[in-house]
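Take a moment with the sequence and the 3D structure below.

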Amino acid sequence: MRKIIALVIVIALAVAGYQVYMDANKRITLEEKVKGVLYSIGDSVYVNDSTGVSSSEKVRVDLQPYADKFVEEYPCKNIELVLQDGIKINILFKKAFIAEVIQDTPLNKKGDLVFYIQQQNIVIPKSAVNVSVLDKYSNETCNFDDIFLVDNKIKLKNRNFPKNGNSFNDYLVTAGTRGILTVILSDELAKYVSTNSPIYLHVVNSPLLPYSAYSDNYIKVSTDKIFGNKAVYVKSYFQYKDGKFYEIKRESNVKEYVEWAKKNL
């Protein structure tokens, strides 16, 4: 329910802002902020900030032992994705920490505790993705869940402790971050154009809509409407086997976009 309320608030602010900001640069800045909030409303929250937390939160260094203990007991930490063409994406756990909300937001109230995960994304081979794009998203910070401290232990608010590790949602790291979405989008684009071409860069540098990984193990990435009033999208389905997630099916309109881009960009 809070996510729905937040979405309504964000949309209302966006409409008001677009009407006030006649200056194009200011409108673009507002648009990016709104999209950032929309992305954070999804199941996998990507925090686009160098500190790892938003300005409405502060890191609770004193609670770090609780975070470390929780990670030690958590059975599913790292994810390995194997795409259909053999490219591997290793999503590796780096660090966990706890932040306290210091002012009310559409998603949290002052005093709430949030559990964050820092992850590293490694693509093999690196040549599958444009170098600058890869470097930009090689490390990401994700909101894992809101938490409570009960009897000196972390209790998750919205998640359950993993059972068998065959779902994306069982893991500490997230398969639905901006970085992972960009890699999958890049992999599909690379079938048709160079990773340094304007056609490629036009897509991977476009804002992405807030899709993420879901429990039935598919990942969907979609851009804004950037060609012929259409969005570029890729939807990948994965199957868990022997500790890895293998891509078994992919749907996409990237080929259609490339044909359009060759005539219009």
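**A helix on the inside**

Start with helix 5, residues 178–189. Its twelve residues reach 16 Å from the first C-alpha to the last, close to the 16 Å expected at 1.5 Å a residue. Keep in mind that this is a predicted model.

Is helix 5 buried or exposed? Twelve of its twelve residues are buried, so helix 5 is largely enclosed by the rest of the structure.

Now look at Glu 188. Its relative accessibility is 5%, so Glu 188 counts as buried, the cut-off being under 20%. Which residues does Glu 188 pair with? One partner is Lys 191, in a salt bridge whose closest N and O atoms are 3.0 Å apart. Another is Arg 250, where the closest N and O atoms are 2.7 Å apart. Glu 188 lies in helix 5 and Arg 250 in strand 10 (residues 244–252), so this pair ties together parts that are 62 residues apart in sequence. Both Glu 188 and Arg 250 are buried.

Glu 251 forms a salt bridge with Lys 249, with 3.5 Å between the closest N and O atoms. Glu 251 has a relative accessible area of 28%, so it is partly exposed. Lys 249, at 42%, also counts as partly exposed. Elsewhere, shared partners join Asp 187, Glu 188, Lys 191, Glu 247 and Arg 250 into one salt-bridge network. The count of salt bridges comes to ten.

**The nonpolar core**

In soluble globular proteins, nonpolar side chains tend to be buried together. Here, the largest nonpolar core has 56 residues. Ile 79, Leu 81, Phe 115, Leu 185, Ile 219 and Tyr 257 have the most contacts inside it. Helix 5 gives the largest share of this core, six residues.

Take Ile 79 as an example. Beyond its neighbours within four places in sequence, its contacts include Ile 89, Ile 91, Phe 168 and Phe 245. Another core, of six residues, lies apart from the largest one; Phe 97, Ala 99, Val 114 and Tyr 116 are among its members.

The protein chain averages a pLDDT of 82, and 78% of the residues score at least 70. Over residues 1–50, pLDDT stays under 50. Where pLDDT is low, the predicted coordinates should not be read in detail.

Terms used:
Residues are numbered from 1 along each chain as its sequence is written. This is a predicted model: local features need pLDDT of at least 70, side-chain atom pairs count only at pLDDT 80 or more; totals for chains, interfaces and linings use all residues. Side-chain values use heavy atoms; hydrogens and water are left out. Helices (H or I, at least four residues) and strands (E, at least two) are DSSP runs, numbered from the N terminus. The expected span of a helix is 1.5 Å times one less than its number of residues. Buried means under 20% relative accessible area, exposed over 50%, partly exposed in between (1.4 Å probe, protein chains only). A salt bridge is a side-chain nitrogen of Lys or Arg within 4 Å of a carboxyl oxygen of Asp or Glu. pLDDT is the predictor's confidence in each residue, from 0 to 100. Contact means heavy atoms within 4.5 Å. A nonpolar core is a set of buried Ala, Val, Leu, Ile, Met, Phe, Trp, Tyr and Cys residues joined through side-chain atoms within 4.5 Å.
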